[in-house]
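Me: Hey, can you walk me through this one? I'd like to start with a pair of charged side chains and go from there.

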Amino acid sequence: MYLLLFGLWLALNGAITAEICLIGLLITALLGVLAYALFGYTPKRDLRFLKRLPLFLVYVPVLLWEIIKANWTVLGIILHPNRPVRQALVVVETGLQSHFAQYVMANSITLTPGTITVRTDGGRFTVHCLSREMIEGVENGILCRLLKRMEA
């Protein structure tokens with residue numbers, strides 16, 4: 001985080017002088033102390049983030065693909081008005097332990113058209129969906145498996 005903030009400081013100043021570097025180091029250090037005091041930030045968090053970054057870079061395209069597939073499903077529901085819509089509230093047990101993974105999964109479900117996360121309770125999500133088929137397999141799906149690997 002410190003290097004990122006210092007790099008941002010230098011980029012926004014547009015010039016590199018000893019004075020700008022000293023002020024940047026001072027401001028970066030103060031922001032680091034503030035982040036530690038307010039948010040419990042530690043350098044270990046940066047290392048954990050860097051360790052999980054490759055999985056996150058895999059997660060984003062997979063999520064985009066799931067969103068595209070869900071868009072086609074919803075489009076099929078819209079264009080075929082005789083097709084019955086069987087809305088349902090489904091409880092999905094993912095087994096995700098960390099708050100971050102639960103947060104990402106709940107938002108991923110909500111971002112996917114035709115589904116919305118209504119409630120979270122630990123690794124259990126209550127999801128409203130246009131049809132049960134839209135939410136089937138989430139517990140063992142690729143998104144959930146990637147998030148479980150990020151937790152480890």
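Predicted model: local features only at pLDDT ≥ 70, side-chain atom pairs only at ≥ 80, totals over all residues.

Me: Which residue does Arg124 form a salt bridge with?

Reply: Glu93, and the closest N and O atoms are 3.3 Å apart. Glu93 sits in strand β1 and Arg124 in strand β3, so the pair ties together parts that are 31 residues apart in sequence.

Me: How many salt bridges does a search of the whole structure find?

Reply: Three. Another one joins the side chains of Arg86 and Glu133, at 3.3 Å from N to O. Arg86 is in the loop between α3 and β1, while Glu133 is in the loop between β3 and α5, so that pair links parts 47 residues apart in sequence.

Me: And what about Glu66 and Lys69, how far from N to O?

Reply: Their side chains meet in a salt bridge at 3.2 Å. They're three residues apart in helix α3, so about one helical turn separates them.

Me: New topic: helix α2. Which of its residues are buried?

Reply: Ile20, Cys21, Gly24, Thr28, Gly32 and Ala35. Looking down the axis of α2, they fall within an arc of 105°, so they line one face of the helix.

Me: What do those buried residues pack against?

Reply: The buried residues of α2 pack against α1. On the face turned away from that buried side you'll find exposed residues, including Leu22, Leu26 and Leu30.

Me: What comes after α2?

Reply: Gly40, with a positive phi near 70°.

Key
Residues numbered from 1 in each chain as written. Heavy atoms only, no water. Buried < 20%, exposed > 50% of the residue type's maximum accessible area, 1.4 Å probe, protein only. Helix = DSSP H or I, 4+ residues; strand = E, 2+ residues; numbered from the N terminus. Arc of directions from axis to C-beta. Contact = heavy atoms within 4.5 Å. Salt bridge = Lys/Arg side-chain N within 4 Å of Asp/Glu carboxyl O.
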